[in-house]
Amino acid sequence: MDAATAAERLAALGTERVGHRFKGLPPDAGDLTLAELAAERRNLFTGGFTTPVLVLSAERLQHNLDLMETYTGRHGLAFAPHGKTSMAPQLFRRQIDHGAWGITLAVPHQVWVARHFGIQRVFLANELVDPASLRRIAADLAADPEFRFVCYVDSVRGVELMDAALTEAAPTGGARPLDVVVELAAGEGARTGARTEQECAAVADAVAATRTLRLVGVAGYEGEVPQADQDRVRAWLRRLTGLAAEFDKAGRFDGLDEIVVSAGGSAWFDAVAEVFAELPTFSAPVLKLLRSGAYVSHDDGHYRSRTPFARVPEEGALEPAFRLWTQVVSRPSAEQAFVNAGKRDAAYDLDLPFAQVVRRDGVERPATGVSVTKLSDQHAWLRTAPEADVEVGDWLGMGLSHPCTVFDKWQLIPVVEADGTVVDCVRTFF
């Protein structure tokens, strides 16, 4: 797909009507397009936006994009941030514009979204054995010489299923082969991936026996290392790079212009950078592909406590860009209050939301003495200590944990500047 078509499709997102489909938007803006609403530069607090409403900080979003571009460049890493975090093509484009090699995805539907909006390099960090999806990928590869697609394989059976589907798609041969990387499991009892180097070699042999697949490297996910710590993660990463070196020595990558070695979630990318820097010289240049995705929004819980930047503060610091604005709708006792956001609005799989600020009459102050104890479908239960100052009608701003399950609860997310001005709307596709 050419750049002009991709730009047109992104721009077309702004032509959607506010209507009734999107949570938190001003009721009086129903006849506006999303682009027209953004152009009005309404204030989040005085411009008719309703609660609950999830917003992204414009400044913090930009900071995080800049920081990871600098970090990956400094460490000689290619970057394919995991798009399943946001499933937001507008953010995909900004990530590409900030130096990303491509976008990592997890399932076929996500690939179709990315392709519709012009993403030309996709790393599927998962096995793919569905015939219909493989036929679609094969058709895309045949139609677009600039499209690069790489996915995992971890079993001989999986290779056989892929080969059968791709052979059916191009029975006479001649089609561009589909690029695959052998996935090394993070350990016994971990998630997907071949468990041993011997099993990895058998999978590589199976790939070599086909005409439909091409082995281009090795990959895995260090976040699944059992009882992960710095030493265990580094040890597994050295297994991964050692596997790549053995494959290269055995001639498995002969004829390639580039060898792919990929790892990297959002909790251990410092270890990935360190171990990938130790890679020896291979028979072809190595694409050291990092796949961290949560950085784009960061968070106030899980990743705030686990970010590698806490271990290497001299490299910078990510900033949590999400805030969920809610409203106090009930204050039945001195020890309890309720706001109008719950499981339908806030992630809760790793941590409950964090009460951060109270806003009343245009003034914000810390939410001292306020904590979230439970979520119902459309309510958060608040415990209010004696020092808490909250009353019905107050807006309560809450921090959230785990971006992957925050984004997927919102089809549309306003982007807000520090003074409350809404400057954009990010559309998601889950």
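Q: Which residues line the largest cavity?
A: The lining is Glu183, Leu184, Ala185, Ala186, Arg191, Thr192, Tyr221 and Glu224. A cavity is a set of points on a 1 Å grid over the protein atoms alone where a 1.4 Å probe fits but cannot get out, and lining residues have an atom within 4 Å of a point.

Q: Where do the numbers and values come from?
A: This is a predicted model, where local features need pLDDT of at least 70, side-chain atom pairs count only at pLDDT 80 or more, and totals for chains, interfaces and linings use all residues. Residues are numbered from 1 along each chain as its sequence is written, and side-chain values use heavy atoms, with hydrogens and water left out.

Q: Back to the cavity: how much space lies in the largest one?
A: About 40 Å³, counted as the space filled by probe spheres set on the points. The whole structure has 3 cavities of 30 Å³ or more.

Q: What kinds of residues make up that lining?
A: There are 4 nonpolar, 1 polar and 3 charged residues. Asp, Glu, Lys and Arg count as charged, Ala, Val, Leu, Ile, Met, Phe, Trp, Tyr, Cys and Pro as nonpolar, and the others as polar.

Q: New topic! In what order do the strands of the open sheet come?
A: The 8 strands follow the order 2-9-8-7-6-5-4-3, with parallel pairing. Strand 2 (78-79) and strand 3 (103-105) are the edges, each pairing on one side only. Strands are DSSP runs of E, at least two residues, numbered from the N terminus, and two of them pair if DSSP finds at least two bridges between them.

Q: How many bridges join strand 3 to strand 4?
A: There are 3, and strand 4 covers residues 121-127. Leucine 105 stands opposite leucine 124 there.

Q: What about strand 17, is it enclosed or open?
A: In strand 17 (residues 412-416), 5 of the 5 residues are buried, so it is largely enclosed by the rest of the structure. Buried means under 20% relative accessible area, exposed over 50%, and partly exposed in between (1.4 Å probe, protein chains only).

Q: Which residues sit on each of its faces?
A: Leu412, Pro414 and Val416 are on one side, with Ile413 and Val415 on the other.

Q: And what does strand 17 pair with?
A: Strand 1 (residues 53-57) pairs with strand 17 in parallel over 2 bridges, with leucine 56 partnering valine 415. Strand 18 (residues 422-427) pairs with strand 17 in the antiparallel sense over 5 bridges, and proline 414 has cysteine 425 as its bridge partner.

Q: What lies between strand 17 and strand 18?
A: The two form a hairpin with 5 residues between them, and glycine 420 in the turn has a positive phi of about 95 degrees.

Notes
On a 1 Å grid over the protein atoms alone, a cavity is a set of points where a 1.4 Å probe fits but cannot get out, and a pocket is an open set with protein on both sides within 12 Å along at least five of seven lines; lining residues have an atom within 4 Å of a point. Helices (H or I, at least four residues) and strands (E, at least two) are DSSP runs, numbered from the N terminus.
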